[in-house]
Amino acid sequence: MTLLPAVASRLREMNFELNRLETVFQKAQLVSMPLVVQLSTGTRCNLRCAFCTDRGPATEGHYRDLTLDEFIPLTTGMDCSSTVQLWGWGEPFLNPHYGAIFAYVTEQYPGIEINVSTNGTLFDEAWQRRFLEYGNFSLNVSINAASRETYRLVAGQDLFGQMESNLRRFRELREEYRGRARSRFTVSFVVVRDNLHEMADFVDLAARFAADHVQFMDLMHINTHCPDLSAADRAAAVKEHFGAALERAAAHHIGIGSFLPYAGNDYLAMERYGSGAPVADNGTCMALQPCYEPWRTMLVGTDGMATLCCRSGVVTGNVRQAGIAGVWNGETYQAYRGAVNSPAPPEVCRVCPVKLGISS
Ligand code: SF4
């Protein structure tokens, strides 16, 4: 049964409020449903980014597109959620069924915020208009370079021009739809040795696209198996380039964020902290920060397997078998809610950037 938009909207507001209360009281079993559900729509990609965690020989040949029939059962229990992330570890617009999936979600869950992360190369005018017509979405475009040469090096394909032309058009269309569509537009940049010199120029590029926000990420938080690409041994250069990026962002009045511990203790956070207690420069133990992910988010893969968060890889159940509600209050979720903010958090949480205060 499809809910009327006004009813759906009210349900989401009530769920949000209830979730807030249950989070404050750190309840293990929840009446509220996840605020954010990520439903992977496929795993294929048209780029070969050097730092990707999922493009090794072991996964070659296992990529797939989800059909609408496969997708629908994953949504059971999503009525109260505020946001659905319609993407996974791959390029969502490569899936020929993505249009049918998008139509299903917008019809069945009217008003829900749709979040998508793309490399922008296939985000053409037709898609841009579809999102703007729908009117409530957030978009991240993963670019990771400010020039064609560096893009080719980092993304493994010569598609900078295609991405650039799409995002220039998107700027014009957002202007055309101003006041009619609610959209938030971020561009992101994974910092590696080969691109760190372009961090400041990347902010200029973002400004040319009229992006709302620029997000820098440290490779070691994303793929710890790529130390040969990591800029972790170039902390001074990263600080200098990030400092310049901050200045450009201020000049352009554009938001900027980082998963780089730029100002605090060091850039080598993950390596340095390892699996032991986090230690600050002066040798004292750092206070672990609270994490609210187990109260907010559920990530679901194309096979229906749900995971706790993008940091841990902890499997919490299978949505195809138990539905979102069943997994949400299953044993694993409840156990992590009970332990994540306790004096003795699980090992995977103790070394997580969220608990270390490096990332929110
Ligand atoms: S602390 Fe990190 S690993 Fe643990 S639940 Fe939170 S986000 Fe996930």
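Colleague: What makes up the chain, and how confident is the predictor in it?

Modeller: The model is predicted, and the chain has 14 helices and ten strands. The mean pLDDT is 89, on a scale from 0 to 100, and 88% of the residues reach 70 or more.

Colleague: Where does pLDDT stay under 50?

Modeller: Residues 263–268 stay under 50, and the model has twelve contacts for them beyond four places in sequence. The pLDDT is also below 50 over residues 270–275, a stretch with eleven contacts beyond near neighbours in sequence.

Colleague: Why is Leu-299 called buried?

Modeller: A residue counts as buried if 20 or more other C-beta atoms lie within 10 Å of its own. Leu-299 has 22 such neighbours, so Leu-299 counts as buried. Leu-299 is placed in strand E8. Beyond four places in sequence, its contacts are Gln-38, Ala-306, Thr-307, Cys-309 and Cys-310. Between Leu-299 and Cys-309, ten residues apart along the chain, the C-alpha separation is 6.5 Å.

Colleague: How do you know that strand E1 pairs with strand E8?

Modeller: Two strands pair if at least two bridges are found between them. Four bridges join E1 to E8, residues 297–300, and therefore the two strands pair; they run parallel. One of the bridges links Val-36 with Thr-297 of E8.

Colleague: Why are the buried residues of helix H5 said to line one face?

Modeller: In H5, residues 148–155, the buried residues are Thr-150, Tyr-151, Val-154 and Ala-155. Seen down the helix axis, they fall within an arc of 110°, so they line one face of H5. An α-helix has 3.6 residues a turn, so residues three or four places apart point the same way. Helix H6, residues 160–176, is included in what covers the buried residues of H5.

Colleague: What follows H5 in the chain?

Modeller: Gly-156 follows H5, with a positive phi near 75°.

Colleague: What makes the phi of Asn-144 worth a remark, and is Asn-144 buried or exposed?

Modeller: Asn-144 has a positive phi of about 70° although it is not a glycine. Asn-144 lies in the loop between strand E4, residues 136–142, and H5. With 26 C-beta neighbours inside 10 Å, against the cut-off of 20 or more, Asn-144 counts as buried.

Colleague: Why does Ala-210 count as partly exposed?

Modeller: Partly exposed residues lie between the limit of 12 or fewer for exposed and that of 20 or more for buried. Ala-210 has 16 C-beta neighbours inside 10 Å and therefore counts as partly exposed. Ala-210 is in the loop between helix H7, residues 199–208, and strand E6, residues 213–218. Its phi is positive, near 60°, in a residue other than glycine.

Colleague: Why is Glu-172 called exposed?

Modeller: A residue is exposed with 12 or fewer C-beta neighbours. Glu-172 has 12 inside 10 Å, and so counts as exposed. Glu-172 belongs to helix H6.

Colleague: Which residues are closest to the ligand, and of which classes is the shell made?

Modeller: Of the 14 residues that surround the ligand, the closest are Cys-291, Cys-309, Ser-312, Cys-349 and Cys-352. Helix H11, residues 293–296, and helix H14, residues 347–350, each give two or more residues to this shell. By class, the shell has ten nonpolar, one polar and three charged residues.

Note on methods:
Residues are numbered from 1 along each chain as its sequence is written. This is a predicted model: local features need pLDDT of at least 70, side-chain atom pairs count only at pLDDT 80 or more; totals for chains, interfaces and linings use all residues. The arc is that of the directions from the helix axis to the C-beta atoms. Two residues are in contact if their C-beta atoms, placed from the backbone, lie within 7 Å. A residue is near a molecule or strand if its C-beta atom, placed from the backbone, lies within 6 Å of it. Ala, Val, Leu, Ile, Met, Phe, Trp, Tyr, Cys and Pro count as nonpolar, Asp, Glu, Lys and Arg as charged, and the others, Gly among them, as polar.
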